[in-house]
Amino acid sequence: MIQELVFLVISLFVIAGAAGVVFAQRLFHAVLSLALCLLSVAAVYITLGAEFLAVIQVLVYAGGVVVLFLFAVMLTRSDLQLRREPLESFAPVSAVLFGVLVLFYIARTGFVPQGERALAPGDVASVGQVIFSPKAYALPFELVGILLLAAMVGAIYLARRDERW
Amino acid sequence: MSELVWSILKALVGVVAVILFLSLNVLFLTWMERKVIARIHVRYGPNRAGPFGLLQPIADMLKLLTKEDIVPEKADRIVFNLAPIMAFLFALLPAAAIGIGSGLIAADLPAGVLYIAAVASLSTIAVLMAAWGSNNKYSLLGGMRTAAQSLSYEIPLVLSMLGVVAIVGSLSTQDIVEAQSSAWFGIIPKWFIFYQPIAFIVFLSAVVAEMGRIPFDLPESESELVAGFHTEYSGMKFAMFMFAEYIHFVVGSALLVTLFLGGWHLPVVTPLAESLGVLKYVVQVAVFVAKMYAVIFLLMWVRGTLTRTKVNDMLGFGWKGLLPLALFNVVLTGVVLTLRGGA
């Protein structure tokens, strides 16, 4: 009962944040709404007992990604008097299609718990065991690392304009 | 049901205790900082309000409370007004996972150190909100410097904690302090500053940068940027930013004591205090606070001695100096621990 209540309140914050991202008139407000949304999702993780995931969510998304977004907005000063442009003709269609798709999958789940959790959540040691053991996710983890490295090299290549450095 | 009420009550007590502890220390710190810096400058510092000027913080508070609250005409009002509240709130969060005595902790989280690193990174958002909301070029410049600085120094900060965490095998701050309880020959403490000297230096530099203090106070360097991100703030809102800044100071020093200086443990003293019953908590808190103020004094000394780094040096020092050093320390710790067959 209390768990459902807490979940509902947090969900309201998640939805309010998400709506703010879409409907905010100014880019800066949209990014701040995104921060609210991401932090509320972290709160959802805590209610599910996944403390480690929640902390990582705050560290990476709220502390890293949002700060980078705000930084970019400030650097470009792109939204001082930004007004929302009239909707493109395809935008409502794709929004409705996506909404139907999401509702379809939500209706299919029927809000039944999906069985026992695979690993003890919130436990850093067991998360580490799963990620780094060769039988589980070691290979995908390393591949993601290489992918990120490639992206980083690409970004640096694009950012440098001349050959001097 | 009564269990729920009990846990809510416990959480409330923790919150009140954390805020009380921080507020008292912040009030004292504002006086101490002015006094210490004054003595380094060969001045007297505040000496009118009360004995040794000890009532100066209260006079300052009354002054700030009664000042006019100004909101610039072109400011983004919501963001401008929300920023000081957010700064204050985000500054309080990390303190919850730092204990000042055995069991004297608001929330002993299993992922404690990681939690502190995560919520500490949030305060950048508040600074950016202030910088943007003020709609002032000095604020904006200060905000951008803050973002660049805190993003760059966060990485060596977290990496330097990793060595300690690897030795202890736990992220809980209570476990980390307990791991430093013993001593060689009963007098030389087994603190992690001796096991992890490189990490200590990296952590000290990075945490000063995260606090935004000299030599890394570029976000508000008053000679170039008026006051950086809080240029447009006055009265109580300005006070909240100052409060948040001093909370960072207290929390950063407390974290340093927890990770590297043995927390509330002191050879000879704490083992003796074990037999004192409830009084042992008094001894523990006293030891912890004494160490914390030693670190705080060191950082004030640094402020009185060093000059501000240049903007271009600041990022270079973080990325080319501290980061490789921190990475080297992680590798070194890993190799040594593996050779010794685990922690």
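Buried means under 20% relative accessible area. The legends below use this cut-off for a predicted model.

**View 1. Ser139(B), a buried residue of helix α6 of chain B**. Ser139(B) belongs to helix α6 of chain B. Its relative accessibility is 0%, and Ser139(B) therefore counts as buried. Beyond the neighbours within four places in sequence, Ser139(B) is in contact with Ala131(B), Ser134(B), Gly228(B), Phe229(B), Thr231(B) and Glu232(B).

**View 2. The packing of helices α5(B) and α6(B)**. Helix α5 of chain B, residues 123-134, packs with α6(B) at an angle of about 160°, and the two axes are 8 Å apart. Angles over 145 degrees count as roughly antiparallel, and α5(B) and α6(B) are therefore roughly antiparallel to each other. Their crossing is left-handed. On the side of α5(B), the contact is made by Thr124(B), Val127(B), Leu128(B), Ala131(B), Trp132(B) and Ser134(B). On the side of α6(B), Ser139(B), Leu140(B), Gly143(B), Thr146(B), Ala147(B) and Ser150(B) take part. The residues of this contact divide into 6 nonpolar and 6 polar, with no charged residue.

**View 3. A contact between chains: α3(A) with α6(B)**. Helix α3 of chain A, residues 51-76, packs with helix α6 of chain B, residues 137-168, at an angle of about 145°. The axes of these two helices are 10 Å apart, and the crossing of α3(A) and α6(B) is left-handed. From α3(A), the contact involves Gly63(A), Gly64(A), Val67(A), Leu68(A), Phe71(A), Met74(A) and Leu75(A). From α6(B), the residues are Leu140(B), Gly143(B), Met144(B), Ala147(B), Ala148(B) and Leu151(B). Of the residues in this contact, 10 are nonpolar, 3 are polar and none is charged. An α-helix has 3.6 residues a turn, so residues three or four places apart point the same way.

**View 4. Helix α1(B) and the residue Val42(B)**. Helix α1 of chain B covers residues 2-40, which makes 39 residues. At 1.5 Å a residue, this helix should span 57 Å; its end C-alpha atoms are 56 Å apart, which agrees. Just after α1(B), Val42(B) takes a positive phi of about 60°.

**View 5. Ala120(B) in helix α4 of chain B**. Ala120(B) is placed in helix α4, residues 112-120, of chain B. With a relative accessible area of 26%, Ala120(B) is partly exposed. Ala120(B) and Val335(B) are 215 residues apart in sequence, and their C-alpha atoms are 30 Å apart in space.

Notes: Residues are numbered from 1 along each chain as its sequence is written. Chains are lettered from A and ligands numbered from 1 in the order in which they are written. This is a predicted model: local features need pLDDT of at least 70, side-chain atom pairs count only at pLDDT 80 or more; totals for chains, interfaces and linings use all residues. Side-chain values use heavy atoms; hydrogens and water are left out. Axes are lines fitted to C-alpha atoms, for helices over the stretch in contact, and angles run from 0 to 180 degrees between N-to-C directions. Helices (H or I, at least four residues) and strands (E, at least two) are DSSP runs, numbered from the N terminus. A crossing is left-handed if the near helix is turned anticlockwise from the far one by less than a right angle, and right-handed if clockwise. Contact means heavy atoms within 4.5 Å. Ala, Val, Leu, Ile, Met, Phe, Trp, Tyr, Cys and Pro count as nonpolar, Asp, Glu, Lys and Arg as charged, and the others, Gly among them, as polar. Angles under 35 degrees count as roughly parallel, over 145 as roughly antiparallel, 65 to 115 as roughly perpendicular and the rest as oblique. Buried means under 20% relative accessible area, exposed over 50%, partly exposed in between (1.4 Å probe, protein chains only). The expected span of a helix is 1.5 Å times one less than its number of residues.
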